[in-house]
Amino acid sequence: MCLELGGKSPLLIAEDADLAAAVRHGVQDVMLNSGQTCTALTRMLLPASRYAEALELAVAETEALRLGDPLDPESFLGPMCSAGQRHTVRDYIRIGQQEGARLLYGGSDAPAEFDRGYYQRPTLFADVDNRMRIAQEEIFGPVLCLIPYADEVQAVQLANDSPFGLSSGVWAGTRQRAWAWRGSCGRASASSTGRPSTTTRPSVATSSRAMVASGGRGAGRVRRNQSHAVLRGLPADNTQASPGLTMNETGGGAIRRLSAVLGVRAR
């Protein structure tokens, strides 16, 4: 028996966030391990008022990430795990284009600089409708969907509009909003470094990265005891249990609880 913990997790970036830092983190989170991470935040939800700026930042950050030999310390992305997985990723990129999403960076063409290895260029899609397959199905590759939202109500609705509930994240501009996210998680562990993809970057005291790793819908709760939240910029020993999510509540539930904290209605 195999229990699949798939994900199509959202990163909700608030309008008052440090946009450059938030987008940088979001791009790196997805491109880490060439997108072959089940908890990757592959749907970046952005305020429409800052959407154009965010797209420029995402392209600049993606261009700066080197694709190459995984044994080379200068490489950020390596090859895919198999030819079959690379084929799957390329099929999804073509599907995204057919669905009407705008290919912002990358694509399905093989990188010309490699004559061996299952390499796939990091890919960004803009103007993504959350009902598209590339926004609803796990690709498990270096593909990021950038989705605009009009207000916080729509942002929460989009975050919840997924068949998965494996992971989720929020990036806000104030410590109070970051703590509000932390307060929505059942058992929280705080860290001054955050995810490995950001350890080479300066910590941002007003940001948070939250995950609830308990299994997607119908996937089985095989990781429920690993539910946690990570707040970057806080002391590493600042850890305590707090009321909110139960240990078997999914990431979608975390977003719904966040909506209550922010005073908006979740679907």
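How many bridges join strand β4 to β5, and in which sense do the two run? Three bridges join them, and the strands run parallel. The model is predicted, so to speak, by its own rules: local features need pLDDT of at least 70, side-chain atom pairs count only at pLDDT 80 or more, and totals for chains, interfaces and linings use all residues. Residues are numbered from 1 along each chain as its sequence is written, and side-chain values use heavy atoms, with hydrogens and water left out.

**Strands around β5**
- Strands here are DSSP runs of E, at least two residues, numbered from the N terminus, and two strands pair if DSSP finds at least two bridges between them.
- β4 covers residues 123-126, and its Leu124 sits opposite Leu144 in β5.
- β2 (residues 43-47) also pairs with β5 in the parallel sense, over five bridges; Pro47 stands opposite Tyr149.
- In β5 (residues 143-149), six of the seven residues are buried (under 20% relative accessible area, 1.4 Å probe, protein chains only).

**An aromatic pair**
- There's one aromatic pair in the structure (ring centres within 6.5 Å).
- Phe114 and Tyr119 make it: stacked, 3.9 Å centre to centre, with 10 degrees between the planes (stacked means under 30 degrees).
- Tyr119 is buried at 8% relative accessibility, while Phe114 is partly exposed at 23% (that class runs between 20% and 50%).

Definitions and conventions. Rings of Phe, Tyr and Trp (its six-membered ring) pair if their centres lie within 6.5 Å; planes under 30 degrees apart count as stacked, over 60 as edge-to-face and the rest as tilted. Helices (H or I, at least four residues) and strands (E, at least two) are DSSP runs, numbered from the N terminus.
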